[in-house]
Amino acid sequence: MNPQQSRLIRQILVPLVSIVVFLILWELLVWWRDWPNYKMASPSDLTGAFSKYWKLFLLYGWQTLWRTVLGLVISILVGTLLGMIMGFSKVARDALYPLLVGFNAVPKATVVPVIALLFIGADNTNTVLMAFMISFFPIAVSVSVGLNTLETEYRDILRALGASRFTVFWKIALPKTLPEFFGALKVAVTLAFIGTNLVEIIEPHGMGLGHLFDSGKINADYPLMFAVLLALAFLGILLFYAVVVLEKIFAGWAERPET
Amino acid sequence: MSDQSVIALENVSHAYPTDAGPLPVLDGVSFEIAQSGFTAVVGPSGCGKSTLTKLVAGLLKPDAGRVILDGKPVVSPRPTVGMAFQNPVLLEWRSILRNVLLPLEIVHGHGLSRREAEDRAAGLLDLVGLAGFEDKRPSELSGGMRQRASLCRALIHQPSVLILDEPFGALDAFTREDLWQIMFKLRIEQGVTCMLITHDLRESVFLADEVLVLSDRPAQVQHRMTVPLGREREIEDLYRPEIVENLAELRRQIQIAQGRDRGEDQQGEAA
């Protein structure tokens, strides 16, 4: 086995083992405290919920996933655009920062009924909008910080040859910001899931894992509720690692070799 | 202005706007650098040496006076200029070869095919002792090697003028002497006209034909020295008696510029 293979195996095996250990500890805790499953379901209770409702998990999981991903894509576009504007113009930075911080500080749960009234019946729009609203802030901030901390020599090296501002942005500023951007995107991924589920749970419209959670609550099916939580965690991990793969492709150069 | 001068500054003055009103940094600076000539500019810290590089590169406009490159006044940046700084500013996500090729992506009309451009880059890298490092990332290279790659990048588009702003300032003493020799070889082989900003008097004498000492802010040309060395130079030349004398004179001029030369008795203290 060459070192590359062993590193790959380690990269997959270590997280898997830690998840298994976590599930075992959870099982043991419930067994040791002798909690009934309406107080705290154990992993072994969940297999029943998963096998009984697996079709619903696939259907609702897909609804949650695509709306979260769409919200994230809008976040990336709008967040990057805002970050660029703030990164290049001090006036724009001064003007936009208080607005963005204020907007970000508002608990998004309170915004759910507002957008539900704004777009009555447009459930997908509402959900995607919330996933976007809750997750664009870190992206905008990271892009703006990345751009306005660009050392002047980097700009001068191209400007001295007569390069336009756009060329400097495209050739230097943008790629140089990618590591910060991906750091922010990892935070945004988990936030976007929270956004999607907020809408699915607070404004029930019969879609997504949030809806499945809600029906578990109404029917006092506690293992189902926990199963939904686990499914959400799984989707979060899935999307997070999708970002990690993209990061390796586009910003792998920023990684220092292990010593 | 003489006919063969490539860089000419005529009475150049510049001030930076600050909250407390304009801060004058250059006050009527004039000098010329001939075709394939090499002039080093030394002076106290913060006397406006870097401002000089920005003016020549066309990144700043002088408040008064003119900067002339290749016979035409500088109004904006020109692709016939190459620059290297103390920070090598290599792009971490590009290989060394692709870093060196960067200016050719900006400068148009060089008429080189991809193959020819890569050959030229490889030739330059070979000249500075970086053959075989084309595909390495900047993070895999030492500081001195990165600075050598940065010099190749500054020369890849065959500029008529090379502006060096303390490019060896962050290197250790031995690496620095290596790079002086490489830089000297480059200037001779490429025939490029150079302006070097430096704090290192030995560096200025080893590399340049003429050394200018700037006074403290607002800077004027306080002293000019022609270096009595030819087109073949060795580090050992710096220990020749007449060169040591030149160095001592430059040091005295710097002290005058700093306002410290109030008598022989204070020389030791000023060091």
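Read along its sequence, chain A follows the pattern α-α-α-α-α-α-α-α-α, and its elements come to 9 helices and 0 strands, where helices (H or I, at least four residues) and strands (E, at least two) are DSSP runs numbered from the N terminus. This is a predicted model, in which local features need pLDDT of at least 70 and side-chain atom pairs count only at pLDDT 80 or more, while totals for chains, interfaces and linings use all residues. Residues are numbered from 1 along each chain as its sequence is written, and chains are lettered from A and ligands numbered from 1 in the order in which they are written.

Taken along the principal axes, the C-alpha atoms of chain A fill a box of roughly 70 × 60 × 30 Å. Of the 259 residues in chain A, 37% are buried, a term that applies if 20 or more other C-beta atoms, placed from the backbone, lie within 10 Å of the residue's own, with 12 or fewer making a residue exposed and values in between partly exposed. Among the contacts in chain A with a separation of 6 or more, 75% join residues 24 or more positions apart, a contact being a pair of residues whose C-beta atoms, placed from the backbone, lie within 7 Å.

Helix H2 (residues 43-88) and helix H5 (residues 123-148) of chain A pack at an angle of about 35°, with their axes 6 Å apart; axes are lines fitted to C-alpha atoms, for helices over the stretch in contact, and angles run from 0 to 180 degrees between N-to-C directions. H2(A) passes H5(A) in a right-handed crossing, that is, with the near helix turned clockwise from the far one by less than a right angle.

Chain A also touches chain B, and that contact takes 17 residues from chain A and 19 residues from chain B. On the side of chain B, the elements that give two or more residues are strand E6 (81-85) and helix H2 (96-106), and E6(B) gives the most, with 3 residues.

The table sets out two contacts by residue class; Ala, Val, Leu, Ile, Met, Phe, Trp, Tyr, Cys and Pro count as nonpolar, Asp, Glu, Lys and Arg as charged, and the others, Gly among them, as polar.

| Contact of H2(A) with H5(A) | 17 residues | 14 residues | 1 residue |

Within chain B, Leu196(B) lies in strand E8 (residues 193-197) and counts as buried because it has 27 C-beta neighbours inside 10 Å. Leaving aside neighbours within four places in sequence, Leu196(B) is in contact with Phe38(B), Ala40(B), Val41(B), Leu164(B), Ser204(B), Leu207(B) and Ala208(B).

Notes. Contact = placed C-beta atoms within 7 Å.
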